[in-house]
Amino acid sequence: GGEDARRTASAAAFTFMSTTAGHQPGFEEALRALFASDRARFDQETQDWPADVRAIVHEIAAPAFASPADV
């Protein structure tokens, strides 16, 4: 279901972020934004991360920001 997909995406993004970006600026705020489903703040907090890490985490996290009807 939609909510399960959102939770799964959030958990996967959390795991990836924790192992690859835990030392990046804005990491904790990015996590807060992820779990609050605040895409704009998430994008802002991750904008200074290395492009490859940012691209992967945004791809993994994308379903976490979808509306429940879209997932």
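Which residues are exposed on the other side of α2? Select Glu28 and Phe35: both are exposed there. Exposed means over 50% relative accessible area, buried means under 20%, and partly exposed lies in between (1.4 Å probe, protein chains only).

Before moving on, note what is on screen. This is a predicted model, in which local features need pLDDT of at least 70, side-chain atom pairs count only at pLDDT 80 or more, and totals for chains, interfaces and linings use all residues. Residues are numbered from 1 along each chain as its sequence is written, and side-chain values use heavy atoms, with hydrogens and water left out.

**Stop 1: helix α2**

Select residues 27–35, which form helix α2. Helices here are DSSP runs (H or I, at least four residues), numbered from the N terminus. Glu28 belongs to this helix. Glu28 counts as exposed because its relative accessibility is 55%.

Next, colour the buried residues of α2: Phe27, Ala30, Leu31, Ala33 and Leu34. They sit on the same side of α2, because they cover an arc of only 160° around the axis. That arc is taken from the directions from the helix axis to the C-beta atoms. An α-helix has 3.6 residues a turn, so residues three or four places apart point the same way.

What do the buried residues of α2 pack against? Show α1 (2–20), α3 (39–46) and α4 to see the partners. Contact means heavy atoms within 4.5 Å.

**Stop 2: Ser10 in α1**

Go to Ser10, in helix α1. Is it buried or exposed? Ser10 is buried, because its relative accessible area is 10%. Leaving aside neighbours within four places in sequence, Ser10 is in contact with Leu34, Phe35 and Ala64. Ser10 and Ile60 are 50 residues apart in sequence, yet 8.1 Å apart in space, C-alpha to C-alpha.

**Stop 3**

Pick Ser37, in the loop between α2 and α3. Its phi is near 55°, a positive value in a residue other than glycine. Ser37 is partly exposed, because its relative accessible area is 31%.

**Stop 4: α3 against α4**

Show α3 and α4 together. Their axes come within 12 Å and cross at roughly 170°. Axes are lines fitted to C-alpha atoms, for helices over the stretch in contact, and angles run from 0 to 180 degrees between N-to-C directions. The two helices are therefore roughly antiparallel to each other, a label for angles over 145 degrees.

Select the contact residues. From α3 come Arg39, Phe42, Asp43 and Thr46. From α4 come Arg54, Val57, His58, Ala61, Ala62 and Phe65. The residues of this contact divide into five nonpolar, two polar and three charged.

**Stop 5: His58**

Finish on His58, in helix α4 (residues 51–65). His58 counts as buried because its relative accessibility is 16%. Not counting residues up to four places away in sequence, His58 touches Arg39, Phe42, Asp43 and Thr46. Which side chain makes a polar contact with the side chain of His58? Asp43 does, at 3.3 Å. A polar contact is a pair of N or O atoms within 3.5 Å; within protein, one must be able to donate a hydrogen and the other to accept it, and residues adjacent in sequence count only if both atoms are side-chain atoms.

Notes: Parallel < 35°, antiparallel > 145°, perpendicular 65-115°, else oblique. Nonpolar A, V, L, I, M, F, W, Y, C, P; charged D, E, K, R; others polar.
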